[in-house]
Amino acid sequence: MKTVKISLNSIDKVKSFVNDITKFDYDFDLVSGRYVIDAKSIMGIFSLDLSKPIDLNIHADENMDEILTMLKPYLCE
């Protein structure tokens with residue numbers, strides 16, 4: 001598992017993020033405080049505080065480079 005910080009500060013960003021990660025057959029969890037949400041759930045994402053960066057847990061053993069490349073627009077520096 002790998003954890004990265006992402007920013008989803010607009011509705012369009014959330015929609016494109018969910019579309020991008022659903023192409024992968026791995027589990028993705030968003031962690032905000034004590035809440036853990038399935039990152040493929042648009043409704044779940046909108047229940048989080050999107051004003052600050054969120055931790056994304058990637059449960060993948062392979063294709064990590066491909067996943068991280070796809071996540072580039074959402075990653076926090």
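This is a predicted model: local features need pLDDT of at least 70, side-chain atom pairs count only at pLDDT 80 or more; totals for chains, interfaces and linings use all residues.
**The chain as a whole**

The protein chain has three helices and four strands, and along the sequence these follow the pattern β-α-β-β-α-β-α. Its radius of gyration is 11 Å, close to the 11 Å that the globule rule gives for 77 residues, so the chain is as compact as a globular protein of that length. Taken along the principal axes, the box filled by the C-alpha atoms comes to roughly 30 × 25 × 25 Å. Of the 77 residues, 40% count as buried. Among contacts in the chain with a separation of 6 or more, 62% are made by residues 24 or more positions apart.

The four strands form an open sheet in the order 1-4-2-3, with antiparallel pairing. Strand 1 and strand 3 (35–38) are the edge strands, each of them pairing on one side only, and from one strand to the next the twist averages 30°. Helix 3 packs on this sheet, where it touches strand 1, strand 2 and strand 4, and its direction makes about 150° with that of strand 4.

Within the sheet, strand 2 and strand 4 are paired in the antiparallel sense over five bridges, and Val31 stands opposite Asp55 in strand 4. Strand 2 is also joined to strand 3 by four bridges, and these two strands likewise run antiparallel; here Ser32 has Tyr35, in strand 3, as its bridge partner. Strand 2 and strand 3 form a hairpin with two residues between them, and in the turn Gly33 has a positive phi of about 65°.

**Helix 1 and its two sides**

Helix 1 covers residues 11–21, and its buried residues are Val14, Phe17, Val18, Asp20 and Ile21. Seen down the axis of helix 1, these residues fall within an arc of 160°, so they line one face of the helix. An α-helix has 3.6 residues a turn, so residues three or four places apart point the same way. The face of helix 1 turned away from the buried side carries the exposed residues Ile11, Asp12 and Asn19.

What covers the buried residues of helix 1? The covering elements include strand 1 (2–6), strand 2 (27–32), helix 2 (42–46), strand 4 (54–59) and helix 3 (64–71). Phe17 gives a detailed view of this packing, for, leaving aside its neighbours within four places in sequence, Phe17 is in contact with Ile6, Leu8, Leu30, Ala39, Ile45, Leu56, Leu71 and Tyr74. Asp20, with those neighbours likewise left aside, is in contact with Met70 and Tyr74.

**The nonpolar core**

The largest nonpolar core has 26 residues, and those with the most contacts inside it are Phe17, Leu30, Leu56, Ile58 and Leu71. Strand 1, helix 1, strand 2, strand 4 and helix 3 each supply at least two residues of this core, and the largest share, five residues, comes from helix 3.

| Residue | Relative accessibility | Class |
|---|---|---|
| Asp20 | 17% | buried |
| Lys15 | 42% | partly exposed |
| Ser7 | 16% | buried |

Why does Asp20 count as buried? The relative accessibility of Asp20 is 17%, and buried means under 20%, so Asp20 falls in that class. Lys15 also lies in helix 1, but at 42% relative accessibility Lys15 counts as partly exposed. Between Lys15 and Asp65 there are 22 Å in space, C-alpha to C-alpha, and the two are 50 residues apart in sequence.

Ser7 lies in the loop between strand 1 and helix 1, and with 16% relative accessibility Ser7 counts as buried. Which residues does Ser7 touch, not counting those up to four places away in sequence? Ser7 touches Lys13, Tyr74 and Cys76. The C-alpha atoms of Ser7 and Leu68 are separated by 14 Å, and these residues are 61 residues apart along the chain.

Technical notes
Residues are numbered from 1 along each chain as its sequence is written. Side-chain values use heavy atoms; hydrogens and water are left out. Buried means under 20% relative accessible area, exposed over 50%, partly exposed in between (1.4 Å probe, protein chains only). The arc is that of the directions from the helix axis to the C-beta atoms. Contact means heavy atoms within 4.5 Å. A nonpolar core is a set of buried Ala, Val, Leu, Ile, Met, Phe, Trp, Tyr and Cys residues joined through side-chain atoms within 4.5 Å. Two strands pair if DSSP finds at least two bridges between them. Axes are lines fitted to C-alpha atoms, for helices over the stretch in contact, and angles run from 0 to 180 degrees between N-to-C directions. The radius of gyration is taken over C-alpha atoms; the globule rule is 2.2 Å times the number of residues to the power 0.38.
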